[in-house]
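What follows is a walk through one structure, taken part by part. Please have the sequence and the 3D view ready.

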Amino acid sequence: MNSIASTLTSILSTENAVISWENLSPTQQHNIQQGIDPKSQPSCVIYPHSQAELAAVITTANSHQWRVLTWGSGSKINWGGLAENIDIIVSTEHINQLIEHAVGDLTVTVEAGMKFAQIQEILAKSGQTLALDPAAPELATIGGIVATADTGSLRQRYGGVRDQLLGITFIRADGEIAKAGGRVVKNVAGYDLMKLFTGAYGTLGIISQVTFRVYPIPESSGTVILTGKPEAISQAARTLHGSELTPTQADLLSNKLLTNLDLGTGIGLIARFQSISESVQEQSKRLLLIGEKLGLQGVIYSGNQEIDLWQQLPKQIYDHLTESTITCKIGVLPTAAVEILNYMEVGLIHISSGLGLVRLEKEEQILPLRSLCQANSGFLSVLSAPVEFKKRFDVWGYNGNALAVMRGIKEQFDGNFILSPGRFVGGI
């Protein structure tokens, strides 16, 4: 066992909590290598079993200036920039307890290593749900979802991860345990560190516990898909957005995405309504009528067929990967979404936020699409891509004027720059 692993083993009470790099399986090594610079070879992977143990590990790492990469299940370790010169990998896998589910207050507090699927099972017993739809929901941990600000189409009704967070506990770079927010819905005291940590990719601190607001599971659900010419789909999206209809999810779908799922031709508009049965039926009929007047084809999905459809949409982005596949997150003005969609093979864009996902098979497609997004007040950032590509490409493509501010914040929170260095914008 190497010296770093030996030092960390001495401060942890649990057996087999530290595994040297050479003792990892080839699969584990490969997965980790998707998120780190090839020049890095971590010394070991550490599995603390409590917040206190996690804090002790980070205290020791900071005193030795060991660089730390955090992961939960590893489902998003290949997102963002490549972490540089990593000495240790710290897993939150075993920090995974339910702390409190306040059913009447519609809140839940869990540790960061709990799987998203597990928390949904717990909430479902009380007829409640966490209104997020992250990538790889079976594997994704709560800490990873917050660290990458990962949610999808449900932001149409419920907002993003930042909008649903009520409280957060994290381990500072010096090993101290800190908190922000609380466990109640109305909590406005202090600086909003929750929003700062959401989407920071673990570069400011290590999330150990979170509190979310939760929602009742809707009584009924139905999904409408309209397909046809881009101009008509664009008009349908504008009409839907300006109407009294209240979809929980609403996206524009690219031509190839429609084709892959055998949903029709042209481009598509998909909208999901969830409420009491009568409301779902009425809203679905109204959207179908809007489409009919515009010459669009319309279909309603319900039951297991609808559930399967919403599961298949993100899988078209994340699961059909080859050695050269690149997945990206984009953002544009919603009014430009249909125009952008015409330049995407497999992709979708949310009609209200203008945020979307795209899967690209050729790296030469990225810069033209990024330029088009930026020309429409937006962005394109690379989530996952081959390591060799990330070594020579700016995955974030940030062209704003806040980089100095971000670096200043990083220095305040992590003066020794030990937490996930290189993963965030500007190599932070």
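Strand β2 (residues 44–46) and strand β4 (residues 88–91) run parallel and are joined by three bridges. Strands (E, at least two residues) and helices (H or I, at least four residues) are DSSP runs, numbered from the N terminus, and two strands pair if DSSP finds at least two bridges between them. Within this pair, Ile-46 has Val-90 of β4 as its bridge partner.

The model is predicted, so local features need pLDDT of at least 70 and side-chain atom pairs count only at pLDDT 80 or more, while totals for chains, interfaces and linings use all residues. Residues are numbered from 1 along each chain as its sequence is written, and side-chain values use heavy atoms, with hydrogens and water left out.

β2 and β4 belong to an open sheet of four strands, ordered β1-β2-β4-β3, in which the pairing is mixed. Because β1 (18–20) and β3 stand at the edges with a single partner strand each, one side of each is left without a neighbour in the sheet. From one strand to the next, the twist averages 20 degrees. Helix α3 (residues 51–64) lies across β2, β3 and β4, and runs at about 165 degrees to β4. Such angles run from 0 to 180 degrees between N-to-C directions, with axes fitted as lines to C-alpha atoms, for helices over the stretch in contact; contact means heavy atoms within 4.5 Å.

A second open sheet has five strands in the order β5-β6-β10-β8-β9, and its pairing is antiparallel. Its edge strands, β5 (98–102) and β9 (177–181), each pair on one side only. Here the twist averages 10 degrees from one strand to the next. β5 is joined to strand β6 (residues 107–111) by four bridges, and the two run antiparallel. In this pair Glu-100 stands opposite Thr-109 in β6.

β17 pairs with strand β13 (residues 249–253) in the antiparallel sense over three bridges, and Asp-251 stands opposite His-350 in β17. β17 also pairs with strand β18 (residues 355–360), again in the antiparallel sense, over four bridges. The bridge partner of Ile-349 in β18 is Gly-356. β17 and β18 form a hairpin with four residues between them, and Gly-354 in the turn has a positive phi of about 75 degrees.

A search of the whole structure finds one cavity of 30 Å³ or more. On a 1 Å grid over the protein atoms alone, a cavity is a set of points where a 1.4 Å probe fits but cannot get out, and lining residues have an atom within 4 Å of a point. The largest cavity holds about 290 Å³ of space, where volume is the space filled by probe spheres set on the points, which are joined across faces, edges and corners. Its lining has 21 residues, and Thr-70, Trp-71, Gly-72, Gly-144 and Ala-147 lie nearest the centre. β3 (68–71), α5 (142–148) and β10 (206–213) each supply at least two lining residues, and α5 gives the most, with four.

Methods
On a 1 Å grid over the protein atoms alone, a cavity is a set of points where a 1.4 Å probe fits but cannot get out, and a pocket is an open set with protein on both sides within 12 Å along at least five of seven lines; lining residues have an atom within 4 Å of a point.
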